[in-house]
Amino acid sequence: MAAGTFSSVSAEPRGRTLTPGYFALTMGSGIISVGPVLEGFHALSMALLVVCALSYLLILVPSLFRLARFAADMRSDFMDPGRAFGFFTFIAGTNAAGDAPWHGGMAGRDGGAARGRGARLGGARLRRAVDAGIGARTVEMAGAPMVDATRGLVAGASVVFWSFASWLFPVLPAAGWWRHVLHRVPLSYEPGLWSVIFPLGMYAVARIYLGRADQLPLVAAIGRAELWLAVAACRVSLPAGRDRGPSAGRRGGQGRRRP
């Protein structure tokens with residue numbers, strides 16, 4: 001019976017069982033790739049950017065195939081409350097795949113420009129040239145009436161939303177404790193893990209930005225520490241996801257239900 005079950009599961013087309021929430025991988029790697037740019041680790045950022053772009057393509061192609069070949073299964077996922085929410089990861093993943101290259105391109109362009117001009121101008125002259133070019137734009141924007149009118153509102157609202165997110169953050173480890181310690185669910189790879197890694201990276205990057213914009217060094221320092229936690233979580237999950245494959249989210253469960 002076990003052999004029959006294995007053969008029936010392995011014969012099932014992989015595209016049919018693709019979980020709709022797998023674009024969370026693109027979301028997670030995309031937002032985490034922004035953090036190293038802010039901290040000056042451009043090589044790490046580009047590596048994560050490659051993961052973001054490749055994951056988007058490798059998930060998009062079988063997703064389109066599933067839509068064309070197994071439309072009924074995808075429609076069933078839309079009607080399933082436990083899986084329908086996963087389709088939102090396509091929207092956020094598309095945004096991450098489109099936004100992350102901008103940060104990576106800025107990092108690569110700034111690094112290349114610095115190396116080229118530095119050879120001609122020297123470190124001190126380069127710094128003055130960059131400050132003159134960027135500083136002019138900064139002063140121009142800083143003096144705009146709209147910026148002056150909304151600066152306090154935006155800064156205060158950012159702190160309020162950050163505080164709200166900070167209160168929600170302990171829910172993640174609490175949910176993990178409830179599931180894996182109290183209910184003893186084995187900790188193994190599943191696509192939903194990227195839905196945890198993504199807020200880790202988003203929260204870290206948002207803290208770094210907020211700390212710099214509102215001159216809150218402690219907030220920025222916490223963001224930097226959490227950034228490396230997100231990078232570590234990404235590093236652990238990527239090999240596990242490669243071994244399991246993109247259809248691991250549902251295929252195993254179907255196999256257990258078969259007689």
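## Overview

Of the 259 residues in the protein chain, 32% are buried. Here buried means under 20% relative accessible area, exposed means over 50%, and partly exposed is in between, with a 1.4 Å probe and protein chains only. This is a predicted model, in which local features need pLDDT of at least 70 and side-chain atom pairs count only at pLDDT 80 or more, while totals for chains, interfaces and linings use all residues. Residues are numbered from 1 along each chain as its sequence is written, and side-chain values use heavy atoms, with hydrogens and water left out.

The protein chain has 10 helices and 0 strands. Read from the N terminus on, its elements run α-α-α-α-α-α-α-α-α-α. Helices (H or I, at least four residues) and strands (E, at least two) are DSSP runs, numbered from the N terminus.

Helix 4 covers residues 71–79, and Asp 73, Met 74 and Asp 77 are buried in it. Viewed down the axis of helix 4, these buried residues fall within an arc of 100 degrees, so they line one face of the helix. The arc is that of the directions from the helix axis to the C-beta atoms. On the face of helix 4 turned away from the buried side are the exposed residues Arg 75 and Met 79.

Asp 77 has a relative accessible area of 0%. Its salt-bridge partner is Arg 66, with the closest N and O atoms 2.5 Å apart. Arg 66 lies in helix 3 (residues 42–69) and Asp 77 in helix 4, so the pair ties together parts that are 11 residues apart in sequence. Arg 66 is buried as well, at a relative accessible area of 1%.

## Salt bridges around Glu 39

A salt bridge is a side-chain nitrogen of Lys or Arg within 4 Å of a carboxyl oxygen of Asp or Glu. By this rule the model has 4 salt bridges. Glu 39, Arg 212 and Arg 224 are linked in a network of them.

Arg 212 lies in helix 8 (residues 194–213) and Glu 39 in helix 2 (residues 24–39), so the pair ties together parts that are 173 residues apart in sequence. Arg 224 also meets Glu 39 in a salt bridge, at 3.9 Å from N to O. Since Arg 224 lies in helix 9 (residues 217–244) and Glu 39 in helix 2, this pair ties together parts that are 185 residues apart in sequence.

## The largest pocket

The largest pocket has a volume of about 1,200 Å³. Pockets are found on a 1 Å grid over the protein atoms alone: a pocket is an open set of points where a 1.4 Å probe fits, with protein on both sides within 12 Å along at least five of seven lines, and lining residues have an atom within 4 Å of a point. Grid points are joined across faces, edges and corners, and the volume is the space filled by probe spheres set on the points.

The largest pocket is lined by 35 residues, and Glu 190, Gly 192, Leu 193, Ser 195 and Val 196 lie nearest its centre. Helix 5 (88–142), helix 7 (171–182), helix 8 and helix 9 each supply at least two lining residues. Helix 7 gives the largest share, 6 residues. By type, the lining divides into 20 nonpolar, 12 polar and 3 charged residues. Ala, Val, Leu, Ile, Met, Phe, Trp, Tyr, Cys and Pro count as nonpolar, Asp, Glu, Lys and Arg as charged, and the others, Gly among them, as polar.

## Individual residues

Arg 184 is found in the loop between helix 7 and helix 8. Arg 184 is exposed, with a relative accessible area of 71%. Its phi is near 55 degrees, a positive value in a residue other than glycine. Most residues other than glycine have a negative phi.

Ser 29 is found in helix 2 and is buried, at 0% relative accessibility. Ser 29 and Leu 238 are 209 residues apart in sequence, and their C-alpha atoms are 9.6 Å apart in space.

The count of disulfides (pairs of cysteine sulfur atoms within 2.5 Å) comes to 0. Cys 52 is buried at 0% relative accessible area, and Cys 234 is buried at 2%.
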